[in-house]
Amino acid sequence: MSTRLASLVIDASDPATAAQFWYIMLGGTATPGRDGSHRLVAPDLGGCGLDLLFVPAPRAKTGKNRVHLDLATESPHEYQVLTSLAADVGARAVNVGQGPGVPWTVFRDPEGNEFCILEPGDLYHHTGPLAALVVDAVEPAALAGFWSAATGWPLLHAEMNSAALRAGEDSGPWIEFLRVPEPKRGPNRVRFDVSATEPDDDTARLLDLGARRCDRALADPEGNEFRVLPAPVHT
């Protein structure tokens, strides 16, 4: 592994307000950047080293995001508390075609980005508050294979309609790839940053794995934009 998952980058018309909302939902520490961004470092996300970076949006949101967050709960009471909290701090419940009786509630955050709060279930025990990062995919198993190589997270599940990665076998959040019929159209408002773990540029390896160059640095085999950040400098 020569790159690792570093951040989930989220476009926002008001990064400070977006970071405050997700601080309430996930905990952690929110810090402003000089470029108008706000970074949420949430230490209780299963030890996976992921943070959330809210950046000024170049355009308004249109259509459903292809990447969204699922939040975990550990009891029916916690589920009721968290869904009520989300509504109290600016989210709104929506129907995106999920149908009746599903074990989750779909919300849009104050920026309009979809996320789900899950009823308690065995699959999401020991994830921390973030159950999963969920990615729409035309070919879930193939896309999961690319992101396993890009992040170093092992591929723990793969079938025709879904695939999943996890940094650890027994703890931490998942990255889930779920089949959708529609290919990606337009730039993503929610996307990944990966960080090099060695000083050498790892772009060539990712291009060999199926990435391509685009306006936002690179795109995965289904066109989802991402950046490769340089390795941290240790002094």
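Trainee: What should I know before reading any value?

Mentor: The model is predicted: local features need pLDDT of at least 70, side-chain atom pairs count only at pLDDT 80 or more, and totals for chains, interfaces and linings use all residues. Residues are numbered from 1 along each chain as its sequence is written, and side-chain values use heavy atoms, with hydrogens and water left out.

Trainee: What makes a stretch a helix or a strand?

Mentor: Both are DSSP runs, numbered from the N terminus. A helix is H or I over at least four residues, and a strand is E over at least two. Helix α3 covers residues 140-151.

Trainee: How do you know that β5 and β8 pair?

Mentor: Two strands pair if DSSP finds at least two bridges between them. Strands β5 (residues 67-71) and β8 (residues 114-118) share 3 bridges, in the parallel sense. Therefore they count as paired. Leu71 stands opposite Ile117 in β8.

Trainee: What order do the strands of the open sheet take?

Mentor: The order of its 8 strands is β6-β7-β8-β5-β9-β12-β11-β10, and the pairing is mixed.

Trainee: Why are β6 and β10 called edge strands?

Mentor: Because β6 (92-93) and β10 (155-158) each pair on one side only.

Trainee: What does helix α2 touch on the sheet?

Mentor: Helix α2 (residues 76-88) touches β5, β7 (104-108) and β8. Contact means heavy atoms within 4.5 Å. The direction of α2 makes about 155° with that of β8. Such axes are lines fitted to C-alpha atoms, for helices over the stretch in contact, and angles run from 0 to 180 degrees between N-to-C directions.

Trainee: Which strands does α3 touch?

Mentor: Helix α3 packs on β9 (130-137), β10, β11 (162-166) and β12 (174-179). Its direction makes about 15° with that of β11.

Trainee: How does the span of α3 compare with the expected one?

Mentor: The expected span is 1.5 Å times one less than the number of residues. Helix α3 has 12 residues and reaches 16 Å from its first C-alpha to its last, close to the 16 Å expected. Just after α3, Gly152 takes a positive phi of about 85°.

Trainee: Why is Ser2 called buried?

Mentor: Buried means under 20% relative accessible area, exposed over 50%, and partly exposed in between (1.4 Å probe, protein chains only). Ser2 has 18% relative accessibility, so it counts as buried. Ser2 is found in the segment before β1.

Trainee: What makes the link from Ser2 to Arg205 a polar contact?

Mentor: A polar contact is a pair of N or O atoms within 3.5 Å. Within protein, one must be able to donate a hydrogen and the other to accept it, and residues adjacent in sequence count only if both atoms are side-chain atoms. The side chains of Ser2 and Arg205 make such a contact at 3.2 Å.

Trainee: Why is strand β13 described as largely enclosed?

Mentor: Because 7 of the 7 residues of β13 (residues 190-196) are buried. Both faces are covered: Val190, Phe192, Val194 and Ala196 lie on one side, with Arg191, Asp193 and Ser195 on the other.

Trainee: Which strands pair with β13?

Mentor: Strand β1 (residues 3-12) pairs with β13 in the antiparallel sense over 7 bridges. Strand β16 (residues 225-229) pairs with β13 in the parallel sense over 4 bridges. Phe192 is the bridge partner of Leu8, and Phe192 also stands opposite Phe226 in β16.

Trainee: What makes Asp11 and Arg191 a salt bridge?

Mentor: A salt bridge is a side-chain nitrogen of Lys or Arg within 4 Å of a carboxyl oxygen of Asp or Glu. Asp11 and Arg191 meet at 3.0 Å, N to O. They lie 180 residues apart, Asp11 in strand β1 and Arg191 in strand β13. Both are buried.
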